[in-house]
Amino acid sequence: AAVAVSSLSSVAVAQTWSACNPLYTTCPANPALGMTIDVEFSQGSVNSFVAGGGTPTYDSDGVTFSVARQGDAPQLISVFYIMFGRVEVTMKAAPGAGIVSSLVLQSDTLDEIDMEWLGADSTQVQTNYFGKGQAEPYNRGQFNPAPNNQAEWITYIIDWTPDRIVWYVGGTAVRTLTYNDANGQYPQSPMQVKFGAWSGGDPANPPGTIAWAGGPTDYSQGPFPMRVKSALVSDYSTGKSYLYGDNSGTWQSIRSEGGAINGNIDNSGGLTVTATATAATNQLAPSIPPGGIGGQGSTSTQTGWPWTGTGTAASNPIPDGWIMTPEGKIVPAGGNMVKP
């Protein structure tokens, strides 16, 4: 484990990326979700999430992220940000040594909250967090129980408030991190939501990354599919957009246009918890540095609204006169796709 952790330090910078980091410069406002959406991917794609790193496919089971060859890292990236909130994803993790399924919340300041499933082990999920892109010390990752995660549909939840983060597996709280326990590295700035699959075991990766991912990937045994049935995303703040008031990156400096930070925080009490897990089996698991899914930047080559070619969601806010529906579709106000 010590060797893996040491090797990982060499890729921390390479996998950490932000189109505009508000810690160092003035950046555009982040388009806010400001509500709750419940997306059924079995009904097809929605324009509040865009593809990056590959091409997800859709069928009656939902959306599939397949890793079939070197360089594949298909993912969906939200065009919106949440400022504290809850993300629930019902999914089956991808199998295969070296294959990683990921659910990532990441901000422009490189705050990050992760859940990652290793294809070489169908019994656990790794939980992790980062503040402002700082990878060291490599002591934040935990392996938490998630049995039969490649064969069963399981709902995973990240519930994030100013005071604590709780990770859930199928109604069981498997880990809680408080603000004070984070030792100054607590994630606290507006986050995009990303999920998808990639190959940590690709031969082009550093040895530490390959070891962490469970060994080298044998693409001849693929494709390796991660499947997501649905995603429910709740923003605990309200408004049209979130703006950094200064370069501190603290949540108290974040401003909401047309709403309030923590304006929907009462919704954080709506979870039904059926059990609480025992302590993690590996309290200080070796962990990959921050950076999203396979080191991919949050870029997209998708054309048409809300994208204007290659770019980031932050540069394409929801236009005036358009609204988000509860199903996660962004449509003109008064359009026939908007339900009463």
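Predicted model: local features only at pLDDT ≥ 70, side-chain atom pairs only at ≥ 80, totals over all residues.

Start in the loop that links β18 (254-257) to β19 (275-276), which is where N262 sits. Is N262 buried or exposed? With a relative accessible area of 18%, N262 is buried, because the cut-off for that word is under 20%.

You'll find N148 in the loop between β11 (141-145) and β12 (154-160). Here the relative accessible area is 34%, so N148 counts as partly exposed.

## A cis peptide bond

Now hop over to the loop between α2 (207-212) and β16 (224-235), where P223 is found. The peptide bond leading from G222 into P223 is cis, and its omega is near 0°.

## A strand under cover

Next up is β8, which spans residues 99-107. How many of its residues are buried? The count is nine of nine, so the strand is mostly covered. In a regular strand, side chains alternate between the two faces of the sheet. For β8, both faces are covered. One side has I99, S101, L103, L105 and S107, the other has V100, S102, V104 and Q106, and all of them are buried.

β8 also has partners. It pairs with β15 (residues 191-199) in the antiparallel sense, over nine bridges, and L105 stands opposite V193 of that strand. Seven bridges join β8 to β9 (residues 112-118), again running antiparallel. β8 and β9 form a hairpin with four residues between them. In that turn, L110 has a positive phi of about 75°.

## A three-strand open sheet

Last stop: an open sheet of three strands, in the order β1-β17-β18, with antiparallel pairing. The edges are β1 (30-31) and β18, each of which pairs on one side only. As a general point, strands of a sheet pair through backbone hydrogen bonds, either parallel or antiparallel.

Zoom in on β1 and you'll see two bridges joining it to β17 (residues 241-244), with the two strands antiparallel. Across from P31 stands S241, in β17.

Technical notes: Residues numbered from 1 in each chain as written. Heavy atoms only, no water. Buried < 20%, exposed > 50% of the residue type's maximum accessible area, 1.4 Å probe, protein only. Pairing = 2+ DSSP bridges.
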